[in-house]
Amino acid sequence: MVRYKPLSGSFGVEICDFSTADHDHEVMSALLETFYRHQFMVIPSQELSVGQFNTFCSWFGAPEPHFLDHLRLPGYPAVLTLSNMTKNGRQIGVHEGASFWHTDVAYRDPPNSTTITFSVIAPTDPVELEISDMAKAYEELPESLKKEIDGLKVLHHYGNRADMDENSPYSAERLTDEQKRKVANVYQPLVMKHPVTGRKALYAVAGSSFGIMGMNDQTALSLLDELKDHAIQPKFVQKYPYKKGDIVAWDTLATMHKGPLTRLTNDPGESRLLWRISVTGHNPMSLPII
Ligand SMILES: [Fe+2]
């Protein structure tokens, strides 16, 4: 039986006495149910090979090789590296490209449904992930605004609309020329009804959202900014300091997040390395829970 305790903030859950080494169908079914109810999950003190991490993530959905193919872990196409470390003078993973509010890969269709990370190396002073509860943020909107936005479709493509300067630490990770040629527009709902829980949530109102179908750009961006500012109020935001050995997962259909800004270094006290796998879809055994 999975034991869990709510995190100290407004949402999220810590899984206790769990080992990825001995999970089975029953254990994972309970874990997935707990995860979707809480939207954000931490499993501390794990020891995993990259192969074990890949297998664990496959319980959540279909692992999806990331668009940033030059920062994937060699030999494991679904594993993206997030790191402030360098090798031969070049960054080995996404460094600054997630230091703004965003929703993982909302710019593809289908979008990512869950992201799972494993903390391989953590700095002595932990750096924090910030994550917002987009279901609660939606529920606390005025009814009139909910009616106004239900059914709207949002234009997404790669990038951070708040900062498109490639040299800024707050812009999306820089693309190669080949990747730039593959950037495409997709439309996603502004209000996402979760396929597992049935709860409605604001979806991807920061980062890759650049317009709203049938609305002029000025009005659309103003509305998206208003919804973003609403969703990142402290009452909706959880901060989590990564420790070595943490598995940290978020439900991308019901949350929005921002990574820490760190300097490039190989100093052991400041270095961080995460493996990250995002999946699409959901395991059929977790549909639906309410
Ligand atoms: Fe992210």
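This is a predicted model: local features need pLDDT of at least 70, side-chain atom pairs count only at pLDDT 80 or more; totals for chains, interfaces and linings use all residues.
The iron ion is held by three protein donors: His-102 (NE2), Asp-104 (OD) and His-257 (NE2). They lie 2.1 to 2.2 Å from the metal. Along the chain, the donors follow the spacing H-x1-D-x152-H. Asp-104 sits in the loop between strand S8 (90-91) and strand S9 (114-121), whereas His-257 belongs to strand S18 (residues 255-258), so this pair ties together parts that are 153 residues apart in sequence. Asp-104 and His-257 are both buried.

The side chain of Lys-258 meets that of Glu-130, with an N to O distance of 3.7 Å. Lys-258 is partly exposed, at 23% relative accessibility.

The model contains 14 salt bridges. Among them is the pair Glu-33 and Arg-37, at 3.0 Å from N to O. Both residues lie in helix H1 (residues 25-38). They are 4 residues apart, about one turn of the helix. An α-helix has 3.6 residues a turn, so residues three or four places apart point the same way. Glu-33 is partly exposed, with a relative accessible area of 33%. Arg-37 is likewise partly exposed, at 42%.

A further salt bridge joins the side chains of Asp-246 and Lys-243, at 3.9 Å from N to O. Here the two partners fall into separate classes of burial. Asp-246 is buried, with a relative accessible area of 0%. Lys-243 is partly exposed, with a value of 42%. Elsewhere, salt bridges link Lys-136, Glu-140 and Lys-235 in a network.

Helix H2 (residues 50-57) has four named buried positions: Val-50, Phe-53, Phe-56 and Cys-57. These residues cover an arc of only 120° around the axis, which puts them on the same side of H2.

Thr-197 provides a contact within a loop. The residue lies between strand S13 (191-193) and strand S14 (200-202). Its side chain reaches the backbone nitrogen of Arg-199 at 3.1 Å. Thr-197 has a relative accessible area of 8%; it counts as buried because this class covers values under 20%.

Key:
Residues are numbered from 1 along each chain as its sequence is written. Side-chain values use heavy atoms; hydrogens and water are left out. Helices (H or I, at least four residues) and strands (E, at least two) are DSSP runs, numbered from the N terminus. Buried means under 20% relative accessible area, exposed over 50%, partly exposed in between (1.4 Å probe, protein chains only). A polar contact is a pair of N or O atoms within 3.5 Å; within protein, one must be able to donate a hydrogen and the other to accept it, and residues adjacent in sequence count only if both atoms are side-chain atoms. Donors are N, O and S atoms within 2.8 Å of the metal (3.2 Å for Na, K and Ca); water is not among the atoms, so sites may look incomplete. The arc is that of the directions from the helix axis to the C-beta atoms. A salt bridge is a side-chain nitrogen of Lys or Arg within 4 Å of a carboxyl oxygen of Asp or Glu.
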